[in-house]
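Subject: Structure handover

Hello,

Here is the structure for you to look at. My notes on how its parts meet follow below.

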Amino acid sequence: MTRVFNFSAGPAALPEEVLRQAAAEMLDWHGSGMSVMEMSHRGKEFIAIHAEAEKLARELLAIPSNYKVLFLQGGAIGQNAFVPMNLLRGRTSADYVNTGEWSKKSIKEARKYAAVNVAASSEADGFTSVPKQADWKLDPNAAYVHICSNETIGGVEYHWTPDTGDVPLVSDMSSNIMSRPIDVSRYGLIYAGAQKNMGPSGLTLVIVRDDLIGQALPITPSAFDLKQQADNDSMLNTPPTFAIYIAGLTFNWIKRQGGLAAMERHNRDKAAVLYDYLETTSFYVCPVARDDRSLMNVPFKLRDDALTDSFLKGAEARGMVQLKGHRSVGGVRASIYNAMPIEGVKALVAYMKEFEKNQG
Ligand SMILES: *Cc1c(COP(=O)(O)O)cnc(C)c1O
C-alpha cells in the first residue's frame with residue numbers, strides 16, 4: 001500500500017492513525033457486533049460515540065458551558081442560509097466582511113434573508129489581505145457580524161479576532177477550525193464543515209452561544225432550527241453518525257498530539273517551510289500579504305504560468321497530489337491541514353527547488 005501526500009483543499013487528508021482505527025473497528029465496534037454505520041442513532045453505543053465527540057470538541061476548543069455544540073448536516077454552505085434564519089432575532093440587517101470567494105458566497109446567500117451591509121472588503125487588492133478593523137464600517141444595529149476566518153481558495157487568514165462589541169461575531173471556520181487554539185467566548189456562533197480538519201464531509205459543526213438560540217425565522221427548516229436541534233442534542237433527525245464517529249477519532253488524535261497548542265506549533269512549522277522558501281525565489285509567487293497568509297492553504301503561481309501543468313504532473317509522479325489551484329484562481333494551492341506531516345511539505349519544497357533548477 002502506498003499513501004500519497006494529499007494536498008487537497010477538501011475533502012482532505014485525515015490522520016493515518018484515524019483511518020487505521022476506523023478500519024480495525026469497521027465490522028465490530030467495541031464488541032457490539034456492528035459497524036458504527038449500522039447502529040441506531042438512539043442506541044446506547046452511538047449515544048456514547050456522540051457524547052465522546054462532543055466532550056472532546058469542548059475540551060480541545062475550551063468551549064464555555066454557555067455554548068451549545070451541534071453536529072448538523074448541510075455543510076458550511078447550508079449555514080450561509082441557516083445563520084441569518086436563526087440569528088436575525090427581529091433585526092433586519094447583518095454586517096459581512098468580504099475577504100474572498102467564501103465570503104462572497106456567504107453574502108450572496110444571506111441577501112435572500114437579510115439586508116447585508118458589506119462592512120469591509122479586500123476586493124480592491126484582489127482579496128490578498130484582511131481589511132484592518134480600523135477601516136471596517138460596522139453598524140451597531142446589525143444582528144451579527146460575519147467573517148470567514150480562513151479563505152480556503154485565496155489563502156487569506158485572520159491571525160487576530162475582530163472586536164464587534166455587543167454585536168455577535170459569526171465565523172465560517174471550515175478550513176482552520178482545530179488548527180490552533182481560539183477564544184470561543186469572543187464569538188456568538190462558529191460553524192465549520194468537517195471535511196477540512198475534522199473528518200468526512202456531511203457533518204457540520206456549529207458552536208453557538210445559548211442566548212442567541214430560539215428566535216429563528218418561521219420559515220427556518222426544523223432540521224436547521226438551532227433551538228430544535230439544541231433541545232434534541234442534534235438528533236431532531238438522524239445525524240451523520242459515521243462522520244461524527246470519525247470526527248471523534250480525529251479529535252482524540254489531536255488530543256494525543258498535545259491538543260491545539262501542539263497543532264498550532266506543528267502548523268506554523270509546516271507553513272514556514274513553504275513560505276520561507278517562497279520568499280527566496282521569484283520563480284514562484286505567493287500573492288497574499290505577509291501578515292495575512294494562511295497556515296492551512298498556501299496558494300502560489302509559477303511566474304511562467306505555461307509551466308503549471310508540467311509542474312503539477314511532476315508533483316503527481318512524485319506522490320504529491322491535488323495541488324491544482326481552485327478553478328477560479330488557477331496556479332497551485334498546497335492545503336496543509338493538521339493531518340499533513342511536515343515531511344510532505346518538505347518533499348514539496350524539495351520538488352519546487354528541483355523544478356526551478358531544471359526550468360528556471
Ligand atoms: C469548504 C468550505 C466551505 C464549503 O463547505 P460545504 O461543506 O461544501 O458546504 C465553506 N466555507 C469555507 C471557508 C470552506 O473552506
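The protein chain is assigned domain 1 (17–255) and domain 2 (259–359), with bounds that come from an automatic or database domain assignment. This is a predicted model, in which local features need pLDDT of at least 70 and side-chain atom pairs count only at pLDDT 80 or more, while totals for chains, interfaces and linings use all residues. Residues are numbered from 1 along each chain as its sequence is written, and side-chain values use heavy atoms, with hydrogens and water left out.

The C-alpha centres of domain 1 and domain 2 are 27 Å apart. In the contact (heavy atoms within 4.5 Å) are 26 residues from domain 1 and 24 residues from domain 2.

Between domain 1 and domain 2 about 2,100 Å² is buried, and carbon and sulfur atoms give 56% of that area. Buried area here is the accessible area (1.4 Å probe) that two parts lose on being put together, summed over both. Of the area that domain 1 buries against domain 2, Thr-128, Ile-153 and His-159 supply 24%, more than any other three residues.

The count of salt bridges between domain 1 and domain 2 is zero; the rule asks for a side-chain nitrogen of Lys or Arg within 4 Å of a carboxyl oxygen of Asp or Glu.

On the side of domain 1 that touches domain 2, helix H2 (44–61), strand S7 (156–157) and helix H6 (241–257) are the elements that give two or more residues. H6 gives the most, with three residues. Helices (H or I, at least four residues) and strands (E, at least two) are DSSP runs, numbered from the N terminus.

Regards
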